[in-house]
Amino acid sequence: MSNYSETFSNIYTGRPSGQQLYLHEKISCLPITKVATVASEKCFALLGYACDEGVKRNLGRPGAANGPDAIRKHLGKLPNHLPTETLVYDVGTLQCLEGDMEETQQALGDSICLLLQQKHFPIVLGGGHDMAYGTYNGLKKYVGKSETIGIINFDAHFDLRNNLQDDGNTVNNSGTPFYQIAQDCIENGSPFKYLCLGIRKDANDRTLFETAKKLDVKYVMRDTFRIQFHNEINAWINAFASSVDHIYVTIDLDGFSSAYAPGVSAPSPMGFTPDVVLESLKTIMGCGKLRVLDIAELNPDFDRDDQTAKLAASLVHFILHDLP
Ligand SMILES: N=CN[C@@H](CCC(=O)O)C(=O)O
Ligand SMILES: [Mn+2]
Ligand SMILES: [Mn+2]
């Protein structure tokens with residue numbers, strides 16, 4: 001079972017300016033049932049996915065269910081440079097009840113589809129990376145079967161774990177979302193287009209590399225995913241983008257070095273840096289195909305001085321301000 005809760009505006013606090021100098025004065029909280037098509041050219045919708053059931057099932061460290069509110073608390077304090085006609089709504093949070101992650105993913109997919117139909121750009125705040133299965137399916141439902149979706153995942157991990165157990169049952173978790181998507185694509189005869197940026201050799205076993213190869217996954221290893229190689233990285237991103245109709249970006253915070261992002265279930269001591277992610281996001285946004293973005297795996301229980309929550313909030317700030 002999943003539960004929807006609307007966001008109360010008192011989560012967004014900061015310096016009062018009376019002239020919308022800060023995002024807490026810009027973001028409007030709106031129940032998702034009241035979302036309507038807007039005349040404004042640009043309208044963002046922030047949606048929480050408060051679920052760490054997938055992390056628990058994947059033997060990780062629970063706590064990501066508190067990720068969405070931790071991001072909101074820091075986002076509100078950041079400066080607002082948006083034009084008045086750009087709208088930013090917070091449309092609430094989906095909570096996973098009684099461990100029913102699948103129902104929460106389904107609710108996420110339905111919400112994403114609804115927001116896209118109403119011409120909003122959804123930004124999902126997580127939450128375990130199992131959210132990717134919900135976000136992707138929402139976009140798929142919106143664009144229809146004949147359109148190709150490319151997934152770009154900033155992550156230390158492939159998250160291509162096989163969800164089929166020895167006893168024949170399936171167990172989905174935060175490490176299986178892209179495997180599940182791949183299986184659906186195979187079943188539907190649609191291409192599985194997946195690009196991973198920042199893969200760590202010391203965080204993915206041999207079978208995961210074999211699965212990636214079998215599924216023709218494109219990936220950039222962490223030691224190459226560095227700002228020094230931005231020309232090459234941009235060329236790979238552009239080549240990938242030109243082979244798809246729509247792009248879904250998913251940012252797993254555990255791909256960042258734990259110097260930047262300690263507040264995750266599975267930290268990366270030798271992860272990537274924010275500069276290469278921002279550079280890559282600029283390239284992706286420049287393609288004009290980005291339709292939805294989510295940020296996964298914030299676990300405030302393990303954060304240090306809120307730096308991971310602040311990093312996530314700054315990523316949202318960047319998307320709000322730099323999406324063309
Ligand atoms: N979403 C995270 N997935 C990783 C977790 C790794 C870990 O817990 O060490 C994975 O399953 O590979
Ligand atoms: Mn990861
Ligand atoms: Mn992940």
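# A walk from Asp254 through the fold

Helices here are DSSP runs of H or I with at least four residues, strands are DSSP runs of E with at least two, and both are numbered from the N terminus. Before going further, please note that this is a predicted model, where local features need pLDDT of at least 70 and side-chain atom pairs count only at pLDDT 80 or more, while totals for chains, interfaces and linings use all residues. Residues are numbered from 1 along each chain as its sequence is written, and chains are lettered from A and ligands numbered from 1 in the order in which they are written.

Is Asp254 buried or exposed? Asp254 is buried, because 30 other C-beta atoms lie within 10 Å. The word is used as follows: a residue with 20 or more other C-beta atoms within 10 Å of its own is buried, one with 12 or fewer is exposed, and one in between is partly exposed, with C-beta atoms placed from the backbone. Setting aside residues up to four places away in sequence, Asp254 touches Ala156, Ala261, Val264, Ser265, Ala266, Pro267, Ser268 and Glu297. Such a contact requires the C-beta atoms of two residues, placed from the backbone, to lie within 7 Å.

UniProt positions follow the numbering used here, feature names are shortened, and annotations may be inferred rather than shown by experiment.

From here, turn to Asp155, in the loop between β6 (149–154) and α5 (177–188). Asp155 has 31 other C-beta atoms within 10 Å and is therefore buried. Beyond its neighbours within four places in sequence, Asp155 is in contact with Cys196, Gly198, Asp252 and Gly255.

A "binding site" annotation in the unreviewed UniProt entry also covers the set His129, Asp155, His157, Asp159, Asp252 and Asp254. No two of their C-alpha atoms are more than 12.0 Å apart although they span 126 residues in sequence, so they gather at one spot. Asp159, like Asp155, is found in the loop between β6 and α5. With 29 other C-beta atoms within 10 Å, Asp159 is buried. Neighbours within four places in sequence aside, Asp159 is in contact with His129, Gly175, Thr176, Pro177 and Phe178.

Now for the interior. In soluble globular proteins, nonpolar side chains tend to be buried together. The largest nonpolar core here has 91 residues, of which Ile71, Phe178, Leu253 and Ala312 touch the most other members. α9 gives the most to this core, with seven residues. A nonpolar core means a set of buried Ala, Val, Leu, Ile, Met, Phe, Trp, Tyr and Cys residues joined through C-beta atoms within 7 Å.

Ile71 is one of the buried residues of α2. That helix (residues 67–75) is mostly covered, with seven of its nine residues buried, and the cover includes β3 (43–50), β4 (87–96), β5 (121–126) and α9 (307–322). Ile71 itself touches Leu125, Leu298, Ala309, Ala312, Ala313 and Val316, not counting residues up to four places away in sequence.

In strand β3 you will find Phe44, which counts as buried because it has 22 C-beta neighbours inside 10 Å. Phe44 touches Val88, Tyr89, His120, Phe121, Ile123 and Leu320, again not counting residues up to four places away in sequence.

Finally, step back to the whole chain, with its nine helices and 10 strands. Buried residues make up 51% of its 324 residues. Among contacts with a separation of 6 or more, 78% join residues 24 or more positions apart.
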